[in-house]
Amino acid sequence: MSNHATGGTANPGAARTDDVPLLEIRDLAITFETSNGPINAVRNAHLTIMPGETVAIVGESGSGKSTTALAAIGLLPSNGRVSGGQILFDGEDIANASEKRIIELRGNSIGMVPQDPMSNLNPVWKIGFQVKETLKANGLAGANSKERVAEVLAEAGLPDAANRAKQYPHEFSGGMRQRALIAIGLACRPRLLIADEPTSALDVTVQRQILDHLDRMTSELGTAVLLITHDLGLAAERAEKLVVMYKGQVVESGPALEILRNPQHPYTQRLVNSAPSLASRRLQSQKAKDALAAAVAGLDTPLDDENDPAHVGKAPTDAGLAPSSVPAAPAQPVRAARPAPNGERKGAQAGETILEVKNLTRVFKLRGALGKSTDFKAVDDVSFSVPRGTTMAIVGESGSGKSTVAQMALSLLAPTEGSILFDGVEVNSLKGKALFDFRRRVQPIFQDPYGSLDPMFNIFRTIEEPLKIHKIGDSKSREKKVRELLDQVSMPASTMHRFPNELSGGQRQRIAIARALALNPDVIICDEAVSALDVLVQAQVLNLLNELQEDLGLTYLFITHDLAVVRQIADHVTVMQKGRVVEAASTDEVFSNPRQVYTQELLNAIPGATLLV
Amino acid sequence: MSEKLTPETDLTKPVTPVSRQGKTSSRVIEHFVAPLEETPLAAIDNVDETAAPLSLWADAWRNLRRQPLFIISALLIVLVLVVAFVPHLFASVDPTSCTLNDSSEGARAGHPFGFTLQGCDVYSRMIYGTRASLLVGVLTTLGVLVVGGTMGALAGYYGGWIDTVLARLADIFFALPLILGAIVMMQLPAFRDNRSVWTVVITLVIFGWPQIARITRGAVIENRNADFVTASKALGLSRFNALVRHVIPNSLAPIIVVASISLGTFIVAEATLSFLGIGLPDTVMSWGNDIAAAQPQVRNNPGVLLWPAAALSVTVLSFIMLGDALRDALDPKARKR
C-alpha cells in the first residue's frame with residue numbers, strides 16, 4: 001500500500017487533511033456465485049484515491065475493473081459479494097456496510113456516471129424530474145428545486161438548461177444524455193465520482209468535449225474521480241494515476257505518464273504496444289520487414305506464392321507476380337517496400353483500381369407526420385477509388401453514411417444515383433450469374449462478432465458454407481480447405497466442431513475472416529470489424545488482416561469511426577461527414593497535414609496521441 | 001425532432017490544436033508492479049481446446065436432463081406413447097366386448113375400474129382411447145406447424161404486402177373462437193357425413209394455425225436482419241435459401257415450445273368436440289366420447305367419467321410441462337456464456 005498514506009494517518013496532527021486518502025481499497029476480493037460454482041472476479045485489488053485526484057482503472061473486458069468500482073458504491077449484482085479485504089471511504093470500511101449506510105453515502109458522497117447514456121435515463125420521465133429525484137433523495141432540492149435543477153444542468157454544459165429540463169431523454173442526442181447523466185452524478189456535490197466508461201458509446205469529438213468538461217467541473221469542485229476505461233491513451237491523458245487490471249488483479253499502478261512511458265509489467269507493456277491511439281504508423285508484417293531489409297541490401301526477394309491445390313478452380317497465374325517491385329521512394333520507404341500482392345487472378349497488378357465509386361448518392365424516405373415522407377440524403381455525391389492490394393479507410397462519426405456506402409459496395413442496397421465499378425464492371429447492373437460471381441469476389445466482415453455467425457452452425461459449417469453455396473470441391477476437399485483457412489487465421493483445427501457461443505469476440509471475428517477468405521475474394525469490406533474488440537485482441541486481428549493482405553493481395557475497404565485504427569491499417573483515407581466526403585488523401589498526408597477543420601477535430605480527439613513522444 | 005438537437009461539434013469555431021500533456025500530480029505516487037508469478041500472462045485470446053463442443057441442442061439437452069419437470073413429463077409422455085401404440089399390452093379385456101349383465105358394475109378382479117352403463121370395461125376403454133386422442137393431438141400439431149409455420153415465416157421474412165395479407169388473414173381466424181368455429185365447421189355436410197379423425201384434425205388446424213403463425217412471424221422478424229443472414233446473402237445465398245438455412249433454424253426454439261404446449265390443448269379440444277357429439281364418431285374410441293357417454297351417470301357412477309378425464313388431464317399436463325421445461329432450456333437469454 002501507498003506509504004505516504006499510512007504515514008498520513010499515523011501522524012494526524014502533522015498531516016494535511018489533503019493527505020488522508022478519500023477512498024482506499026485494500027486487498028479486495030469479490031466473488032460471484034454462478035451455476036458453475038463461485039468465480040473470483042477480483043483478487044487482491046488495491047488502490048488509493050486522494051481528495052481531488054483522478055485515478056483511472058484500465059483493463060480489458062472481464063478484467064474486474066467495473067466490478068471493483070461498483071463494489072465501492074455497493075452496487076454489485078445480487079450474486080456478487082465482497083469476500084475479502086476492505087473498502088475504506090474516508091477511513092470508514094464500507095465493504096460490508098449496511099444498506100442504509102451505503103444509501104446515505106450514494107449521491108452526496110459518492111456519485112456515479114454510468115456507461116451507456118442510451119439506457120441509463122428513464123425514457124418516461126423528463127430530464128428535469130430525473131435530476132430533481134437525485135437532489136430530493138439527498139435532501140438538497142431546497143425550496144426552489146426548479147432553479148437548482150436548471151443550474152445543475154447548465155453546469156454540465158447543457159445550453160438553455162431551464163427548457164431542456166422539460167424535455168424527455170429521446171429528445172436528447174447521445175452526448176447530451178451523457179451530459180445529463182454527469183449533471184445527475186455531480187448534482188449533490190459528491191467527493192468522489194465514479195465514471196464507468198463515460199464516453200465509450202460516443203463519437204470521438206463528443207467524447208473529447210465531454211471529458212474536457214468533466215475535467216473542468218471536477219477540478220473546480222475538487223471532486224476526486226475514479227475513471228474506468230479500456231482505453232490506455234484516454235486514461236493516461238485524463239488521470240494522474242493509473243491502475244492496470246488484468247484477470248481480476250492489479251498488475252501495475254502508479255503515475256500515469258510514467259506507466260505509459262516506462263511500463264514495467266509485461267501485460268502493461270503489451271497494452272502500451274498495441275494501444276491504437278498511441279501507434280504512430282502503419283502495421284508491418286515480419287515479411288514486409290524482411291522485404292524492406294532485402295530491398296535495402298539490394299537483393300531479389302522472390303515470394304513464395306501460395307500454390308495450394310484447395311484454391312479450387314483458380315489456377316494460380318504468375319501474371320501479376322511482381323516480386324520485389326521496390327522503387328525505393330525515400331519519402332515512404334515503408335509503403336514502397338510492401339511486397340506486391342502475389343495476385344492469383346490474371347491481370348492483378350498493384351496500383352490498378354479495383355473498386356471505384358463515382359458520385360454515389362443514396363436517399364432514404366423518412367416517414368413524417370400525416371403519412372408525408374421527407375427525403376434524407378444518407379450518402380451524398382461520394383466518389384473514391386481503391387487501388388488493388390491496398391486499404392481504403394472510410395472514416396466518419398455515427399450518421400455520416402459510411403456504413404451505407406459499404407452496403408452499396410456489397411450490392412446489398414441499391415444506390416439512388418451514381419455508380420460503383422468493380423474491376424471495371426458496373427455492380428448495380430449485375431444480375432443472376434454475374435451477381436453470383438461478384439459475390440464470390442467481394443466479401444464483408446461485420447462489426448458485431450456476436451451477430452455475424454449463425455449460432456446454429458458449428459464453425460466447420462460456417463466456413464464451409466460459402467464453398468457449398470458456390471459448389472466448390474467435394475466434401476473431402478472442402479474439409480481440407482476449412483482446415484487451411486483456420487490455420488490462416490491462427491485458430492486450431494479442433495475449433496471446427498465448436499459453436500460460435502463457445503468462442504470469444506476476437507475468435508469469432510477471426511472465424512468471420514476465415515469465412516470471408518474461403519472464396520479467395522479480391523476485396524474484403526470491413527464494416528467496423530475491430531470496433532467491438534478489446535485492445536489486444538483488436539491489435540491481433542489488425543495484424544492478421546495486414547498479413548493476409550500481404551500474403552493474398554487482398555484489397556480492403558475499411559469502414560471505421562476510429563482514426564487511430566486507420567493509421568495502423570489504411571493506405572488511403574476518405575473522411576465523411578453527414579453523407580459527404582470532406583477530405584480524401586493518403587493516410588500519411590491526412591495525419592501529418594489535415595486540411596479540413598473536421599479532420600483536424602477528429603485527429604485532435606484521439607486520446608493520448610500526444611503523450612508518447 | 002432532429003432540429004431540436006444541439007450540434008455536438010460547433011464547426012464554426014476555429015480549432016486550436018491542443019497538445020494535451022496529461023496530468024501530473026504534486027503528490028508522490030508509488031509505482032507498483034505486481035510480481036509476475038502472481039498473474040501468469042496468458043496468450044492473447046487463446047482457445048480452450050479441452051471443453052467439449054456444444055450446440056444449442058446439446059446445451060439444451062444438458063440443461064434439460066437435470067430438470068425434474070422435464071424428467072417427469074418426458075416419462076409420462078413416453079408412457080402415453082407406448083400405450084397408444086401397443087394398448088393390448090396394458091389391457092387384456094376387449095374394450096368392445098360389452099355385456100349388459102355388467103352394466104354399471106363396480107370394480108372386480110380383472111376389471112379394476114368397473115364397467116360403463118353399456119357394460120364395457122372402463123380401464124380397457126381408457127387404455128384403448130389413448131390412440132385416438134394422441135393421434136388427433138399429434139396430427140393437428142403437425143398440420144398447424146406446416147400451415148402456421150409457413151404462413152408466419154413468409155409473412156415475417158418477406159414483409160410488405162405478403163405480411164399485410166397473411167397477418168390480417170390470421171387475425172380473422174384468431175378472432176373466431178375455436179369451439180364455435182369448429183361447431184359450425186363440423187356441421188357442414190361434407191364433414192358431418194364423413195366424421196373421422198381426419199375431419200377433426202382438419203377443423204382444428206383451420207382454427208389453430210394463427211397462433212403458430214404469429215410466433216413464427218415474430219421469431220423470423222427477429223432473425224431476418226441478423227448479420228449472419230446478411231453475411232450469407234453476401235456470400236451469394238439466395239433470399240429464400242437464407243430463410244430456410246439460417247432464419248428458420250434460428251427461429252425454431254419458440255415454435256417448438258408453443259407447439260408442445262398446444263399439442264395438449266388440441267387433445268382437450270378434440271375431447272370437447274367429441275363430448276359435444278360433433279368430434280370423433282361413436283365408432284372411434286376416445287376419451288372425449290367416453291366422457292360424453294358417462295355424463296348422465298356422473299352422480300351415481302362417477303368413476304366412469306373420472307378415469308378417462310384423469311387420463312386426459314395427465315396427458316395434457318405432461319405436454320404443457322414439457323413445453324415449460326423446453327422454454328427454460330431454449331431461452332436465449334439463459335444461454336449467454
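Visitor: How much helix and how much strand is there over residues 255-280 of chain B?

Guide: Over that stretch, residues 255-280 of chain B, the chain is 81% helix and 0% strand, and the end C-alpha atoms are 28 Å apart. Helices (H or I, at least four residues) and strands (E, at least two) are DSSP runs, numbered from the N terminus. This is a predicted model: local features need pLDDT of at least 70, side-chain atom pairs count only at pLDDT 80 or more, and totals for chains, interfaces and linings use all residues. Residues are numbered from 1 along each chain as its sequence is written, while chains are lettered from A and ligands numbered from 1 in the order in which they are written.

Visitor: OK, new topic. How is chain A divided?

Guide: Into domain 1 (3-274) and domain 2 (353-604), with bounds that come from an automatic or database domain assignment. Their C-alpha centres lie 36 Å apart. The contact takes nine residues from domain 1 of chain A and nine residues from domain 2 of chain A; being in contact means C-beta atoms, placed from the backbone, within 7 Å.

Visitor: And which helix gives the most to the side of domain 1 that touches domain 2?

Guide: Helix 11 of chain A, with three residues.

Visitor: Which residues touch the most other members in the largest nonpolar core?

Guide: Leu153(A), Ala180(A) and Leu557(A), out of 244 residues in that core. A nonpolar core is a set of buried Ala, Val, Leu, Ile, Met, Phe, Trp, Tyr and Cys residues joined through C-beta atoms within 7 Å. Buried means 20 or more other C-beta atoms within 10 Å of a residue's own, exposed means 12 or fewer, and partly exposed is in between, with C-beta atoms placed from the backbone.

Visitor: Where does this core lie, and why?

Guide: Domain 1 (3-274) and domain 2 (353-604) of chain A both give residues to this core, so it lies between them.

Visitor: What does Ala180(A) touch?

Guide: Leaving out residues up to four places away in sequence, Ala180(A) touches Leu121(A), Ile127(A), Leu153(A), Ala156(A), Leu158(A) and Phe172(A).

Visitor: Switching to sheets: in what order do the seven strands of the open sheet come?

Guide: They go 6(A)-7(A)-8(A)-3(A)-9(A)-10(A)-1(B), with mixed pairing. Two strands pair if DSSP finds at least two bridges between them. The edge strands are strand 6 (110-113) of chain A and strand 1 (32-33) of chain B.

Visitor: How does strand 6 of chain A run beside strand 7 of chain A?

Guide: Parallel, joined by four bridges. Met112(A) stands opposite Ile194(A) there.

Key
Two residues are in contact if their C-beta atoms, placed from the backbone, lie within 7 Å.
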